[in-house]
Amino acid sequence: MTGRNQTIVSEFLLLGLPIESEHQNLFYALFLTMYVTTVLGNLLIIVLICLDPHLHTPMYLFLSNLSFSDLCFSSVTMPKLLQDMQSQDLSIPYAGCLTQMYFFLFFGDLESFLLVAMACDRYVAICFPLHYTTIMSPRLCLFLVVLPWILTTFHAMLHTLLMARLHFCADNEIAHFFCDMSALLKLSCSDTRVNELVIFITGGLILVIPFLLIITSYTRIVSSILKFPSVRGIRKAFSTCGSHLTVVSLFYGTIIGLYLCPSANNSTVKETVMAMMYTVVTPMLNPFIYSLRNRDMKGALGRVFWKKKTPFSL
């Protein structure tokens with residue numbers, strides 16, 4: 001703690017995005033549109049899955065949880081970002097910063113686990129279609145949904161408590177648009193080796209292992225298809241798994257590039273842009289990916305709105 005002012009920090013300043021003042025209103029409108037699209041799109045998926053009995057299947061149970069996670073994940077950072085872009089007050093209280101960090105980790109981890117559950121569901125559906133309903137029983141589906149919520153609760157709480165024990169001195173400017181864990185560690189005037197060790201260990205458990213499980217699932221799917229190749233089988237597999245693979249690539253590609261494969265040449269601007277990809281862009285694109293490329297979702301949309309238009313039809 002030598003060489004730093006010992007004044008205890010009670011709030012942080014989120015410096016936000018490196019945007020020129022003349023472009024501020026343009027980017028504000030862009031981000032507001034993206035956030036509203038994210039909220040409405042994911043809410044639509046949740047409502048359709050709840051209202052349409054045809055979508056009461058394991059895959060759509062996981063998808064509804066993923067949509068809820070995306071909605072909350074984006075809501076953790078976007079409202080504060082939009083507020084800061086229209087206000088001169090960039091401060092966030094110490095407790096508010098830790099709270100934001102907790103929910104950011106919670107919903108980010110939850111999405112990672114839910115993507116694994118969806119990959120397992122696709123693996124069983126394609127490789128063991130005759131035993132699908134037996135394997136993906138209601139009990140197993142409930143377990144695959146509840147377990148991620150429990151694990152992410154403890155993981156996010158662990159990092160939050162470890163961060164709360166650190167001291168922050170005079171330097172309170174966070175060069176980011178949210179309370180990123182790595183940015184907070186750089187500001188601390190305490191020994192952060194324990195935090196960094198826990199991040200390294202849990203990062204492998206929360207990101208690398210789920211990613212490897214997803215890759216393994218799709219490797220087995222491809223090998224299963226190649227054993228009995230047919231145009232119909234390949235088309236069905238790609239229509240079933242294509243949307244999920246797109247989401248996996250967007251989510252894990254940016255996170256692995258940013259956190260697990262860091263570069264000394266990574267500038268603050270580059271890191272902020274990459275963070276925008278998985279915190280803002282990916283949650284916004286998920287509803288389009290799963291609805292526009294999914295016949296079941298299109299059918300549910302038609303059935304739900306048709307019922308609304310003809311409430312007295314027999």
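The unreviewed UniProt entry lists residues 26-51, 101-120, 140-158, 197-216, 237-260 and 272-292 under "transmembrane region". The structure examined here is a predicted model, and two of the listed segments were examined in it for their secondary structure.

A search for disulfides across the whole structure returned two. A disulfide is a covalent bond between the sulfur atoms of two cysteines. When the bonded cysteines of the chain are numbered in sequence order, the pairing reads 1-3, 2-4.

One of these bonds is formed by cysteine 97 and cysteine 179, whose sulfur atoms are 2.0 Å apart. This pair links distant parts of the chain, the two cysteines being 82 residues apart. Cysteine 97 belongs to helix α3, which spans residues 94-127, whereas cysteine 179 is placed in the loop between β3 (173-174) and α6 (181-187). The torsion about the S-S bond of cysteine 97 and cysteine 179 is about -125°, and the disulfide is therefore left-handed. Cysteine 97 has a relative accessible area of 1% and is thus buried. For cysteine 179 the relative accessible area is 1%, and this residue is buried as well.

The other bond joins cysteine 169 to cysteine 189, with an S to S distance of 2.0 Å. Cysteine 169 lies in the loop between α5 (138-164) and β3, and cysteine 189 in the loop between α6 and α7 (193-227), so the bond ties together parts of the chain that are 20 residues apart in sequence. About the S-S bond of cysteine 169 and cysteine 189 the torsion is about 75°, which makes this disulfide right-handed. Both cysteine 169 and cysteine 189 are buried.

How values were computed:
Residues are numbered from 1 along each chain as its sequence is written. This is a predicted model: local features need pLDDT of at least 70, side-chain atom pairs count only at pLDDT 80 or more; totals for chains, interfaces and linings use all residues. Side-chain values use heavy atoms; hydrogens and water are left out. UniProt positions are given in the numbering used here, feature names are shortened, and annotations may be inferred rather than shown by experiment. A disulfide is a pair of cysteine sulfur atoms within 2.5 Å. Helices (H or I, at least four residues) and strands (E, at least two) are DSSP runs, numbered from the N terminus. Buried means under 20% relative accessible area, exposed over 50%, partly exposed in between (1.4 Å probe, protein chains only).
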